[in-house]
Amino acid sequence: MAGVAGRLARRWCSGALRSPLQITRFPALQLHVCGPAMRASQKDFENAMNQVKLLKKDPGNEVKLKLYALYKQATEGPCNVPKPGVLDFINKAKWDAWHALGSLPKETARQNYVDLVSSLSASSESSGQVTPAADRKQPGSDALVVTSRDGITTITLNRPDKKNALTPQMYHDIMLALEAASKDDSAITVLTGNGDYYCSGNDLTNFTDIPPGEVEERARSGAVLLRDFVDCFIDFPKPLVAVVNGPAVGISVTLLGLFDIVYATDRATFHTPFSHLGQSPEGCSSYTFPKMMGPSKATEMLVFGKKLTAREACTQGLVTEVFPDSTFQKEVWVRLKAYSKLPPNAMRISKQVIRNREKEKLHAINAEESSILQERWLSDECMNAIVNFLSKKAKL
Ligand SMILES: CCCCC/C=C/C(=O)SCCNC(=O)CCNC(=O)[C@H](O)C(C)(C)COP(=O)(O)OP(=O)(O)OC[C@H]1O[C@@H](n2cnc3c(N)ncnc32)[C@H](O)[C@@H]1OP(=O)(O)O
């Protein structure tokens with residue numbers, strides 16, 4: 001096995017090995033522990049498949065083979081494909097692992113899979129920071145990871161190499177994730193980022209490769225997307241928590257005014273450089289920021305692009321509480337797990353009592369901001385700022 005494992009490791013490292021042994025295809029990390037008497041449900045299994053993307057470190061080839069075998073057994077039943085040739089090392093190792101499970105019932109394989117992922121998660125749970133393998137970074141597929149456990153649905157922005165900049169696909173996926181979270185049985189929903197940034201805002205390459213003659217249409221559809229996206233935050237019915245694990249820029253900052261709680265590491269900064277970009281405020285910040293921090297502090301941020309430290313943002317009311325980076329993940333998740341045990345209907349109703357009377361106003365503000373931004377995107381100021389960023393002349 002060691003020889004096969006070594007070869008597998010080399011193939012993984014070289015990126016030559018794609019699905020189904022690719023780790024993203026594996027079911028994975030089911031983090032709530034099922035006792036021996038419990039049966040893992042299909043939902044537990046799907047959760048595990050999503051959670052595997054958040055494994056902090058490569059679990060090693062032997063474990064991957066076990067996961068592979070259990071996944072195949074759980075989804076397809078006993079091994080029913082011909083044995084690969086002896087020189088087809090990788091497929092033979094996979095086949096051997098699957099075949100070794102014999103006639104293990106699908107339900108047992110599913111349970112074993114969930115248990116295995118659960119045990120893997122125990123070692124990676126403490127920091128909560130995720131270092132995905134290079135083959136897990138394809139845009140559109142893994143750029144958003146959604147998990148559900150302990151009564152908390154967590155939506156993680158997962159483009160760490162691009163500082164979690166938001167692509168159009170991610171806007172759509174976040175809307176879908178929020179829609180699903182509003183209906184699932186979790187009590188609290190969390191948005192966070194993977195890596196050193198929370199989010200660097202709108203992906204500025206969204207403005208590139210627009211064919212001549214389509215610029216106005218793209219600005220129009222961008223404004224529709226923005227409006228729909230922000231509407232989802234305005235209408236979200238459960239407590240919504242931002243776990244700000246690092247610096248935040250642009251729309252990821254403005255949206256914070258629509259969250260119910262914002263926890264930040266002391267390493268986080270908050271930056272809305274709209275004027276530098278030839279753009280204007282969105283996410284209802286033209287209303288929520290002056291309301292929470294007063295008009296002049298809001299102007300410093302939204303008009304002059306002043307970057308706030310986490311402590312400054314906390315003083316201004318944008319952040320609920322700041323934690324030392326070294327204990328951030330641990331402290332925040334302990335707190336959230338405790339909150340998630342409160343009666344969910346009471347929390348939902350209390351949130352509505354606090355927020356509902358503003359909803360209509362927020363929708364109107366969102367519509368207005370989106371329409372103004374649509375015009376801004378067509379301006380020379382905006383075009384120049386984006387060209388500057390893309391040509392690496394200017395960093396914010
Ligand atoms: C349809 C809805 C529209 C909603 C309207 C929203 C508006 C906004 O959000 S406005 C804010 C837009 N964001 C920015 O202007 C940030 C731009 N990024 C930066 O200034 C910097 O990258 C940084 C300060 C965020 C980080 O700097 P640094 O630590 O030096 O890291 P790098 O610049 O080397 O970044 C690594 C890698 O990531 C790419 N990247 C980072 N942010 C973005 C982004 N917003 N859009 C596109 N790409 C981004 C950066 O280009 C690097 O890529 P590679 O060079 O390919 O490694």
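**Exercise 1. Find how α7 sits against α13: what is the handedness of the crossing, and which residues make the contact?**

Let's work through it on this predicted model.

Step 1. Start with the handedness: α7 passes α13 in a right-handed crossing.

Step 2. Next comes the geometry. The packing angle of α7 and helix α13 (residues 344–376) is about 160 degrees, and their axes are 9 Å apart.

Step 3. Now classify the angle. Angles over 145 degrees count as roughly antiparallel, and α7 and α13 are therefore roughly antiparallel to each other.

Step 4. List the partners. From α7 come Ala219, Arg220, Ala223, Leu226, Arg227, Val230, Asp231, Ile234 and Asp235, while α13 brings Lys359, Leu362, His363, Asn366, Ala367, Ser370, Leu373 and Gln374.

Step 5. Sort them by class: the contact of α7 with α13 has 8 nonpolar, 4 polar and 5 charged residues.

**Exercise 2. Turn to α6 and α7: at what angle do they pack, and which residues of each make the contact?**

Step 1. With axes 10 Å apart, α6 and α7 pack at about 30 degrees.

Step 2. Angles under 35 degrees count as roughly parallel, so α6 is roughly parallel to α7.

Step 3. The crossing of α6 past α7 is left-handed.

Step 4. On the α6 side, the contact uses Pro168, Tyr171, His172, Ile174, Met175 and Leu178; on the α7 side, it uses Leu225, Asp228, Phe229, Cys232 and Phe233.

Step 5. Counting classes gives 9 nonpolar, 1 polar and 1 charged residues for the contact of α6 with α7.

**Exercise 3. Classify the pair α9 and α10: at what angle do their axes cross?**

Step 1. Helix α9 (residues 285–293) and helix α10 (residues 295–302) have axes that come within 7 Å and cross at roughly 130 degrees.

Step 2. That angle makes α9 oblique to α10.

Step 3. For handedness, α9 passes α10 in a right-handed crossing.

Step 4. Here Ser285, Ser286, Phe289, Pro290 and Met293 of α9 meet Pro295, Lys297, Ala298, Met301 and Leu302 of α10.

Step 5. The contact of α9 with α10 divides into 7 nonpolar, 2 polar and 1 charged residues.

**Exercise 4. Describe the largest pocket: how many residues line it, and which element gives the largest share of the lining?**

Step 1. Begin with the volume: the largest pocket holds about 1,200 Å³ of space.

Step 2. Its lining has 46 residues, and Ser200, Gly201, Asn202, Asp203 and Leu204 lie nearest the centre.

Step 3. Elements that give two or more residues to this lining are α6 (168–183), α7 (215–235), β5 (248–249), β7 (269–271) and α14 (380–390).

Step 4. The largest share, 8 residues, comes from α7.

Note on methods: Residues numbered from 1 in each chain as written. Predicted model: local features only at pLDDT ≥ 70, side-chain atom pairs only at ≥ 80, totals over all residues. Heavy atoms only, no water. 1 Å grid on protein atoms, 1.4 Å probe; cavity = no way out; pocket = protein on both sides within 12 Å on 5 of 7 lines; lining within 4 Å. Points joined across faces, edges and corners; volume = space filled by probe spheres on them. Helix = DSSP H or I, 4+ residues; strand = E, 2+ residues; numbered from the N terminus. Axes fitted to C-alpha atoms, helices over the stretch in contact; angles between N-to-C directions. Parallel < 35°, antiparallel > 145°, perpendicular 65-115°, else oblique. Left-handed = near helix turned anticlockwise from the far one by under 90°. Contact = heavy atoms within 4.5 Å. Nonpolar A, V, L, I, M, F, W, Y, C, P; charged D, E, K, R; others polar.
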